[in-house]
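Me: I have a model to go through. Let us take it in short questions and answers.

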Amino acid sequence: MKKKEVMVLEDLLGSNKKIAGDIRKKLSEKGILAINLLSSPGAGKTSLLEKLSEVLTPGYKMAVIEGDIETERDAERIRAKGIQAWQISTGGACHLDAKMVGKVFSEIPTDLDFLFIENVGNLVCPASFDLGESLRCVLLSIPEGDDKPKKYPKAFFTSDALIISKTDLLDKMPFNVNRAVQESLDVNPKLKAFKISSVDGTGIKEFVDYLVKNLNKLRRANA
Ligand SMILES: Nc1nc2c(ncn2[C@@H]2O[C@H](COP(=O)(O)OP(=O)(O)OP(=O)(O)O)[C@@H](O)[C@H]2O)c(=O)[nH]1
Ligand SMILES: [Mg+2]
């Protein structure tokens, strides 16, 4: 990369970081836990959100910001579950940035518990952009293969939780869960690992408990 390109990128990331910091502060003060979901296309982010909408409500109030290059499809799936959702179409960009999230910020209800942000399906670019989230979760699905954490380390290195998704397919294709978890932990020893299936419900309760624990922690810190 040329020196001028490096400087432009540093500027871009610097201004993104500032906007993200403002978003995180405002959300934390309102007691809203924001969760940024990262994964390759089709790893099951929207399906997990659909499942969470069944389990979290009515006890908790959630809303979703959907990021995609084109279409309103994921937001429509979430709205069909009775959950408020905003679609951000990046028009070509391979990731969301904090400025895009900031544009819908004024519409976010103040009485939310959880604000999920589904990033554009991509295991590379979204890892570099803080969106003001309190938790970042990376999904790795069984069909993608167990060798991905070390090939795409930044997504794993910058996340708080690893979600091995589509575990109902484990008997249909080769995937060594222990290898995937261990290689993720080699990249980031602080990762909390979950094994889930949005089809048969495996691991959803454990993940919900983790979300609630982090919501309570955020509220205690801002009390
Ligand atoms: N077998 C199985 N299939 C799943 C599971 N979760 C999602 N799928 C399927 O995987 C495909 C992609 O799921 P989505 O939830 O749309 O994935 P996504 O990560 O939101 O996709 P993008 O937003 O396009 O990146 C769909 O056909 C889902 O039905 C799961 O737990 N098990
Ligand atoms: Mg999706």
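Me: Which backbone nitrogen does the side chain of S197 reach?
Reply: This is a predicted model. S197 sits in the loop between β7 (192-195) and α8 (204-221). At 3.1 Å, its side chain reaches the backbone nitrogen of V199.

Me: Is S197 buried or exposed?
Reply: Buried means under 20% relative accessible area. The relative accessible area of S197 is 0%, so S197 is buried.

Me: Which side chain joins that of S197 in a polar contact of 2.8 Å?
Reply: S197 touches K166, T167, D168, T202 and I204, not counting residues up to four places away in sequence. The polar contact of 2.8 Å is between side chains, and the partner of S197 is D168.

Me: Which strands stand at the edges of the sheet?
Reply: The open sheet has 7 strands with parallel pairing, in the order β3-β2-β4-β1-β5-β6-β7. An edge strand has a single partner, so one side is left without a neighbour in the sheet. The strands at the edges are β3 (84-89) and β7.

Me: Which residue stands opposite L140 in β6?
Reply: β5 (residues 135-141) and β6 (residues 161-165) pair in the parallel sense over 5 bridges. Opposite L140 stands I164.

Me: What angle does the direction of α7 make with that of β6?
Reply: α7 (residues 177-187) packs on the sheet. The helix touches β5, β6 and β7. Its direction makes an angle with that of β6 of about 160°.

Me: How many disulfides are there?
Reply: The rule asks for a pair of cysteine sulfur atoms within 2.5 Å. By this rule, the count of disulfides is 0.

Notes
Residues are numbered from 1 along each chain as its sequence is written. Chains are lettered from A and ligands numbered from 1 in the order in which they are written. This is a predicted model: local features need pLDDT of at least 70, side-chain atom pairs count only at pLDDT 80 or more; totals for chains, interfaces and linings use all residues. Side-chain values use heavy atoms; hydrogens and water are left out. Helices (H or I, at least four residues) and strands (E, at least two) are DSSP runs, numbered from the N terminus. Buried means under 20% relative accessible area, exposed over 50%, partly exposed in between (1.4 Å probe, protein chains only). A polar contact is a pair of N or O atoms within 3.5 Å; within protein, one must be able to donate a hydrogen and the other to accept it, and residues adjacent in sequence count only if both atoms are side-chain atoms. Contact means heavy atoms within 4.5 Å. Two strands pair if DSSP finds at least two bridges between them. Axes are lines fitted to C-alpha atoms, for helices over the stretch in contact, and angles run from 0 to 180 degrees between N-to-C directions.
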